[in-house]
Amino acid sequence: MKRGLGPVAILAAAVVIAGAIAANDLGPAVPATSAGSARSGDWMCPHGGGEDWTAYLSLSNPGATTVEARVTSLGDRRPSEPQDVSVSPGAEVVLEVPATEPGDATSVEYFGGWIGAGWVVKAPDPVPGLGAEPCLAASSDTWYTTDSSTQRGTKAWLVVMNPHASLAVFNIVLFAPSTPPVRRRELTDVVLKGRRSVAFRVDPKVLGEDVVGAQLDAKVGRVAVATLTLSEEGGVRSTVGMPALAGSWVDLTAAGSGQSTLVTLLPGDEDLTFTSIVRTADQPEPGDPAASTQLRRSTLASPVTTNGPTTVVANAEGDSTFLAALRSEGRTGDDAATAGTSAPAPAWVVPPTLTTLPATPLVVVANPGAADTVVDLTLLRIDGTTGASTSLEIPAGSVAAAPASFLEDAPRSAVLVTADVPVVALGASTSGGKDGMDLYGLATGVAVPGWALAG
């Protein structure tokens, strides 16, 4: 990684990278097949890591044909040799991947169909914790994040991976309530070689903040971004970045202590007002919307009381756009967070959110629309055997969790969620320790394209 790329070099790099981006838009090379019969794509997983950390990657195939995948580990040195993996129909493959440095990441290319992907990272004593999130389906030249924390006893990183063959050049701006936007020399004109991944420490640059947001803009190339937070009091949290702001966000949580925080970011110059509606499985009808909240060019932490499976829908007034994620307190010191979504969909794959047993995994589904629905859930099992199924009736605007027994025999299985209206699905778990409560993980699912289920 270097910085200070001059204008002439940037122009030359742009010429080189334009061809690479155009080629990448066509997808990676695939084995020769008849025209139109092959599908391909990428997953980018900027999970990070640390000394003696472990990380697991979940690859899940909800379709009817075997999908081939190529998994490559990225860091600040030359990438690993690719590992080839076959993911059978209706099954899941779980791989352990390197996670010894905060900047570690994993790249997945897949061919001949569609698979979903997500990660779990686990930190050992003396600050145990677990972070889980879905992988990112596309790189971008713009990213926003909003869950970093820089209070005493906390380390926070932005993990930036460049999965492409050509270099990327970008700037990072940090946002916090008590300071103007932070632009540091070491975060300006950063050059990241192709097929590399690095981490940037956030906490030394903006001290003592509960919520720090970031905006990354690439001048050249495209990257993928996530946050990684390690706290003496709150364990490990991970959230993926979002490539665009939106006027509405749906965030879910479950299995925590009941105390959550809606963390928001507004990087633009215009203030906005947003409202949030909280609904739980025990209270499907909403109470009064939260008092209108004014958001200025900064970040904001808004406490939310949750009771079991909960959805928080945050809506900006007018045509304004912002970013919202949800952070939840664990029951024994390990907190969790997930980035949520601005785009409900009729089908999701929910990756596992745990690495060790004993565990209590959950799948939670929110129906933010105006029509009631029945949601079908099917296990995508690691052993490839036929997965169990169940159904949930979810009224309009409500949220529900699958029965605890649904994942009892296959706690590390991914889950396929389908409905006849757009919904949002989440994986949640407590795990580890004597009582299965030491670690806490949340991860929003990944939306499944319609063709992937059609065979």
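Q: Which residues does the disulfide join?
A: The disulfide joins Cys-45 to Cys-135, with 2.1 Å from S to S. A disulfide here is a pair of cysteine sulfur atoms within 2.5 Å, and by this rule the count comes to one.

Q: Where do Cys-45 and Cys-135 lie?
A: Cys-45 lies in strand β2 (residues 40-45) and Cys-135 in the loop between β9 and β10 (142-148), so the pair ties together parts that are 90 residues apart in sequence. Strands (E, at least two residues) and helices (H or I, at least four) are DSSP runs, numbered from the N terminus.

Q: Is that link right-handed or left-handed?
A: The link of Cys-45 and Cys-135 is right-handed, with 110 degrees about the S-S bond.

Q: And are the two cysteines buried or exposed?
A: Cys-45 and Cys-135 are both buried. Buried means under 20% relative accessible area, exposed means over 50%, and partly exposed is in between (1.4 Å probe, protein chains only).

Q: What sort of model is this, and how are residues numbered?
A: This is a predicted model, where local features need pLDDT of at least 70, side-chain atom pairs count only at pLDDT 80 or more, and totals for chains, interfaces and linings use all residues. Residues are numbered from 1 along each chain as its sequence is written, and side-chain values use heavy atoms, with hydrogens and water left out.

Q: On to rings. How many aromatic pairs are there?
A: The count comes to three aromatic pairs. Rings of Phe, Tyr and Trp (its six-membered ring) pair if their centres lie within 6.5 Å; planes under 30 degrees apart count as stacked, over 60 as edge-to-face and the rest as tilted. One of the pairs is Phe-170 with Phe-200, which is edge-to-face at 6.0 Å centre to centre and 85 degrees between the planes.

Q: Where do Phe-170 and Phe-200 lie?
A: Phe-170 lies in strand β12 (residues 168-176) and Phe-200 in strand β15 (residues 196-201), so the pair ties together parts that are 30 residues apart in sequence. Both Phe-170 and Phe-200 are buried.

Q: Why is the pair of Phe-274 and Phe-322 called stacked?
A: The ring centres of Phe-274 and Phe-322 are 5.3 Å apart and the planes are at 25 degrees, so the pair is stacked. Phe-274 is in strand β21 and Phe-322 in the loop between β24 (310-316) and β25 (323-328), 48 residues apart. Phe-274 is buried at 1% relative accessible area, and Phe-322 is buried at 0%.

Q: Which ring does Arg-39 lie over?
A: Arg-39 lies over the face of Trp-451, at 4.0 Å from the ring centre. The rule is that NZ of Lys or CZ of Arg is within 6 Å of the ring centre and within 35 degrees of the ring normal. Arg-412 lies over the face of Tyr-56, at 4.9 Å from the ring centre.

Q: What is phi of Asp-189 near?
A: Phi of Asp-189 is near 50 degrees, a positive value. Asp-189 is buried, at 15% relative accessible area.
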